[in-house]
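Here's a quick briefing on how this chain is put together. Take a look at the model first, then go through the notes below.

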Amino acid sequence: MLHKIKKALVIFLCLAMLTSLSPITSADGFQATVHTLRIGLYSGSQKTFTSANLQNVSGTGYGYELGYFNSDREFFPIGVRITETNAITVTIDQNVAWDSGERAFSTDLSVSSSVVGCYHIRYNEGFSSYHDAFEKAESLELNENTFIKYYNDKYYVMIGQYSASAAVKEALDSLDFKDSCQIDAGTAKTVTVVETGKTRVLFEFDGGTSAYLAVRPIPADGAKSQCYHRGYKYYGDFAFIRGSSGYITVVNYVDIEDYVKGLVPYEMSASWPIEALKAQAVCARSYALTNLNKHKSEGFDICNTAECQVYYGTARANDNSNRAVEETEGEYLTYDGKLCQTNYYSHNGGASENSENVWSIAYPYLRGVIDPYEKDVESVISQYHWTVTFTGDAISKRLQNRGYDCDTVTKFEILEFTELGNVLRIRFTDKNGKKFTFSKRDCATVLGLRSQRYTINGATPALNTYYINPSGEGVSGLSGLYAVGAGGTDQLGSGELYAISGKGEISKLGGETSAALTGESFVITGTGWGHNVGMSQWGAYSMAKYHNKTYKEILTFYYQGTEIVYSVYPKKSEENT
């Protein structure tokens, strides 16, 4: 009934008040580019949904304001408020049934008789405002489930919801003004808003590819609104995108400081020393801005999993973790005036690594260091030391899954270690003599290992092979300094060879090959967990707890030559004020 809908959809004509962070002193050469982040929310491998629920956290808000986000990441209201319920569901505009066990709508209509139909009757006239469309709906005096639809900048009166085309055609034929109406089954971009668990349609939205439905929780007096989504509590607003798959991606539009509050206690325990948490907060904030639009094709900046940074909202936050964020508010890590790529990981097993020895780019501040701090906490780190065993068949299967034509592996060699003792290059040989070489991060990922810091059968790096040509073939068995000429090799001296760089850094030259194992199975032992580039989280814990290091000292140890700066957040556009 239309008069019932009026209770739920309260017309409002005021534009949203825009808030901004208080400015703080900006560092020369760097200013934060945005202060609202777009975080893709999904659980595990499931990235899109048939429907998505929101529920106000008790005491923080009541109902929702609907709109969309413009290109400046500003919420633009469309004049619709839902205040009759604190729990709404956004679903794709298809026939869907409520599955009470999953608390979600399903395209399998056999799960229940509570079905939201995708066929509607649409009054042909489009209106420029929700208010005008609502008044027209009242004037029709229909005893039907009547609601308003936003479609490409116009508002339309919609009548009924039916799960079969024959039923909606029969309903249309019964109308006195049927010549002014048509059947509407939506498009691949249409989303439907209902009360969670109910079938009455409250609103529909279709902005094509230029705009997606946004929902802003209405805050209670004196409170900061939070919403439940899939069991987690979040600050901020939410957008519901129907992408190329036709299903819904949920995006959390959230202030960067609130984002960091919802991230720190998932990347570190909220009970850890505050200086470690502060280091994590600065890393998280810096990483977010250096990875803006990483998932642009999916409609958001970064995801909420370990692929980017783990972010599940406010549930684990406490006074300690929030304090760490607040006391570093607006702080970023820079090198030579530019924002740093602040990669981090759980623990390195004794040494971090140069970025180019793991990925491809050599960052001047992502230099590997011998890490003495993890020693103090290795006894409390789960699987700090680890061992795995592979058969030759198991390795060949992994290579086959990557597309390699590999038979049973009979030989596994570590061809090269880095100066810090991490594996840089490996080679497998199958029973037919085929060789398969991998380098850098693939030395770990090809076998699903926890890190690149490992040996085969306990063999340790021994500098006894010197490469003499680009093909990688070496001369083995040399134990000193040799010259290679037309007549062969001549020993110039004994002992190890070192070089001193222009910066005064001493490096050992030559020698890489050390570990090889031939047989039916291969025992790999290692330490550490992660890519080993940048900050060790457990190292930060140890530095703060046992060595009284500040977060600035932690960061400059793991990110060499960097400095922490304050940044003024950009002002929001005044276009919609």
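**Helix pairs, core and loops**

Helix α6 and helix α7 (residues 319-326) cross at roughly 55°, and their axes come within 8 Å of each other. Axes here are lines fitted to C-alpha atoms, for helices over the stretch in contact, with angles from 0 to 180 degrees between N-to-C directions. Helices (H or I, at least four residues) and strands (E, at least two) are DSSP runs, numbered from the N terminus.

A word on the ground rules: this is a predicted model, where local features need pLDDT of at least 70, side-chain atom pairs count only at pLDDT 80 or more, and totals for chains, interfaces and linings use all residues. Residues are numbered from 1 along each chain as its sequence is written, and side-chain values use heavy atoms, with hydrogens and water left out.

**More on α6 and α7**
- α6 and α7 are therefore oblique to each other; angles under 35 degrees count as roughly parallel, over 145 as roughly antiparallel, 65 to 115 as roughly perpendicular and the rest as oblique.
- On the α6 side, the contact (heavy atoms within 4.5 Å) is made by Ile274, Leu277, Lys278, Ala281 and Arg285, and α7 brings in Asn320, Ser321, Arg323, Ala324 and Val325.

**α10 and α11**
- Helix α10 (residues 537-546) packs on helix α11 (residues 551-558) at an angle of about 140°, with the axes 10 Å apart.
- This pair is therefore oblique too, and α10 passes α11 in a right-handed crossing.
- Gly539, Ala540, Met543 and Ala544 of α10 meet Glu553, Ile554, Phe557 and Tyr558 of α11.

**The whole chain**
- The chain has 11 helices and 39 strands.
- Of its 577 residues, 52% are buried (under 20% relative accessible area, with exposed over 50% and partly exposed in between, for a 1.4 Å probe and protein chains only).
- Among contacts between residues at least 6 apart in sequence, 69% join residues at least 24 apart.

**Nonpolar cores**
- The largest nonpolar core has 124 residues, and Phe203, Phe240, Tyr259, Met535 and Leu555 touch the most other members. A core of this kind is a set of buried Ala, Val, Leu, Ile, Met, Phe, Trp, Tyr and Cys residues joined through side-chain atoms within 4.5 Å.
- α6 (residues 274-290) gives the most to this core, with 10 residues.
- Not counting residues up to four places away in sequence, Phe203 touches a list of residues including Leu66, Ile78, Tyr130, Phe147 and Val191.
- A second, separate core has 23 residues, among them Leu399, Phe438, Ala444 and Phe522.

**The buried face of α2**
- Tyr130, Ala133, Phe134, Ala137 and Leu140 are buried in helix α2 (residues 130-140).
- Those buried residues fall within an arc of 115° seen down the α2 axis, so they line one face of the helix. The arc is that of the directions from the helix axis to the C-beta atoms.

**Two loop threonines**
- Thr418 sits in the loop between β26 (409-417) and β27 (423-430), and its 8% relative accessibility counts as buried.
- Setting aside neighbours within four places in sequence, Thr418 contacts Glu353, Asn357 and Leu424.
- Thr418 and Asn357 are 61 residues apart in sequence, yet 7.6 Å apart in space, C-alpha to C-alpha.
- Thr305 lies in the loop between β21 (302-303) and α7, and at 16% relative accessibility Thr305 counts as buried.

Definitions and conventions
A crossing is left-handed if the near helix is turned anticlockwise from the far one by less than a right angle, and right-handed if clockwise.
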